[in-house]
Amino acid sequence: MRRSLLSCFTPILMVWLSLSVAFGSEQESMLQMQHQVEQRVLSLVKPYDPSALVFARIYLKTESKVLPGTPFFAKDLTVQGEMGLSSISRALVIIMSQKKPFSQAVLDTAKGVLEAEKIPVVFQVDELPVELRAAEKTELKEGRENTQIWREGVDQLRYVYRVLLGLTVLGLIAAIIADLTRRNNSALLKLLEDGISKMTSVEGNSVTREPTSVQAAPASTREDLGRESRGDEWAQYPEETLEACLADCYWCSRDSYAHFVWKQLTAQKKKQLIARIPFLTDYVNHFSLLNQSNEGWIDDIAYLDPIRTHQLSNEDLAQALKKQPSLYGMLSRMRQAALPLEVHERIMLSRLPAKESADEKMSLGVSPASILRPLRKRLQLEIRSDEQERSLLSFSPFSLELAEDVPSLGWLLQVPEEARSQILERFSARDLASAWVAPAEILSQIEKFVPEKKMEVVRSYVSSRPGSRSAPAYLDIHRSVVEILKNTQKSEQSQLAGGLKRVQAA
């Protein structure tokens, strides 16, 4: 009896075992095919949206048949044979993307690729969660910040190493000198003292040099050295050439170039020019606080034999040209560009031949002097303490001219918050440390716009070397702030003028 029962169930057990093995193999094959479908779709979606995610769910082909050796009939059995993409009856592909709406062309291409493998496919496009996108951006940003902090830490270690090495060498040499002094070896002592003087100079330059990002001197500083690079060229210019160029700078508001020219001249030349140009003293006081800019106007051929227009403004000179249009070609390019002329007038005058009539040239020289330019007197104030800076920043109402004349980190608080972050982001931690000087309550507000990790490095630098109000980074920050404040003021004035026009039109 037992044998008969066992003989009945043996085929069933064998079928069950074979199905179990087949099921395990089937699951592994399904995962592989699912991965293949996902990769094929992902390779097409990635160029369109690099952050997209693709998931696939596949369904295999099935059949119904009688189990061998049994009276049982099974439904929805997977079709046996070599498992491959051809075994898939249909597939559901889910695409998670931040592109909205998703490109139908990309979907059609992916569908065509899968259907070429005889895989019927249905696409479902969902929006990629914001948390996933934010996580990727934050990770990238933190990676960049960590790289920057690592580099700044290495720079700081190199700086400390150079200082310690210099102090060690100087200490050894000082010990040798002390020993030689005791032996009264004056000849060798003098030789070593000369060596120490040179070493101290080199080491001082290495230790006190500015960070790499601010090593390059501003254009104005490089131009200030132009006199040395050009030798005695400036000494060869006649007084009338320099006089005409500076007068044109005055009337054409080329103040930065006037400052550059003035810096190239000797004290004797400056004294002679002040005697020849009545308004030059006030003009020098005006442009001396501005940056220099070498614009090359002095090489204009018109300055070799200039006509005397020193006392005439651009407006009065334009009126004089209407009576003597042939003099237009004898004017400097600086003057021609600044004259208030209409386009057709400028074209007509440029076509006239220049006539060097002595009478006409002399008539301009005796013309009545124009009203002088209103030159703003700049405030020459140097902040020497936190108390002075507090008084400056508390001045009410806020004055753009005051902010322009007196540098202070406190003016950062007058610009929009986004602009503050953008300005501070341009400077490295070492640059910021070199400029980190202001009352404590001002610095605490500015710190909020510097990343915390970067701020820790700034504090580390400041603890070993306090900031300075004369540091290049300090002055660069001030210039950026003033430029933003000026643009903001111009925008507000333009909006006000537009509003008034609309009111008047109404």
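Two rings of Phe, Tyr or Trp (for Trp, the six-membered ring) count as an aromatic pair if their centres lie within 6.5 Å. By that rule, the structure above, which is a predicted model, holds 10 aromatic pairs. Let us look at two of them, and then at what surrounds them.

**Two aromatic pairs**

A pair of aromatic rings is described by the distance of the centres and the angle of the planes. Here are both values for our two examples.

| Pair | Centre to centre | Angle between planes | Geometry |
|---|---|---|---|
| Trp234 and Phe260 | 6.0 Å | 75° | edge-to-face |
| Tyr250 and Tyr283 | 5.2 Å | 90° | edge-to-face |

Trp234 belongs to helix α7 (residues 233–236) and Phe260 to helix α9 (residues 255–264), so that this pair, with partners 26 residues apart, links distant parts of the chain. Trp234 has a relative accessible area of 2% and is therefore buried. Phe260, at 1% relative accessibility, counts as buried too.

Tyr250 lies in helix α8 (residues 239–252) and Tyr283 in helix α11 (residues 280–287), so their pairing ties together parts that are 33 residues apart in sequence. Both Tyr250 and Tyr283 are buried.

**Around Tyr250**

Tyr250 and Tyr283 also belong to one aromatic cluster, whose other members are Trp251, Trp262, Phe279 and Phe287. Elsewhere, Lys99 places its charged end over the ring of Tyr48, at 5.5 Å from the ring centre.

**A nonpolar patch on the surface**

Now for the surface. Leu53, Phe55 and Leu132 form a nonpolar patch there, and together they have about 240 Å² of accessible area. Leu53 is found in strand β1, which covers residues 53–60. Its relative accessible area is 32%, so Leu53 is classed as partly exposed; the class lies between the limits of 20% and 50%.

**The protein as a whole**

Stepping back, the secondary structure of the protein comes to 22 helices and five strands. Of its 506 residues, 35% are buried. Among contacts with a separation of 6 or more, 75% are between residues 24 or more positions apart. The protein exposes about 31,500 Å², with carbon and sulfur atoms supplying 56% of that area.

Note on methods. Residues are numbered from 1 along each chain as its sequence is written. This is a predicted model: local features need pLDDT of at least 70, side-chain atom pairs count only at pLDDT 80 or more; totals for chains, interfaces and linings use all residues. Side-chain values use heavy atoms; hydrogens and water are left out. Helices (H or I, at least four residues) and strands (E, at least two) are DSSP runs, numbered from the N terminus. Buried means under 20% relative accessible area, exposed over 50%, partly exposed in between (1.4 Å probe, protein chains only). Contact means heavy atoms within 4.5 Å. Accessible areas come from the Shrake-Rupley method with a 1.4 Å probe; for residues, only the protein chains shown count as cover. Patches are made of residues with over 30% relative accessible area and no salt bridge: like charges are joined within 9 Å, nonpolar side chains (Val, Leu, Ile, Met, Phe, Trp, Tyr) within 5 Å. A salt bridge is a side-chain nitrogen of Lys or Arg within 4 Å of a carboxyl oxygen of Asp or Glu. Rings of Phe, Tyr and Trp (its six-membered ring) pair if their centres lie within 6.5 Å; planes under 30 degrees apart count as stacked, over 60 as edge-to-face and the rest as tilted. A charge sits over a ring if NZ of Lys or CZ of Arg is within 6 Å of the ring centre and within 35 degrees of the ring normal.
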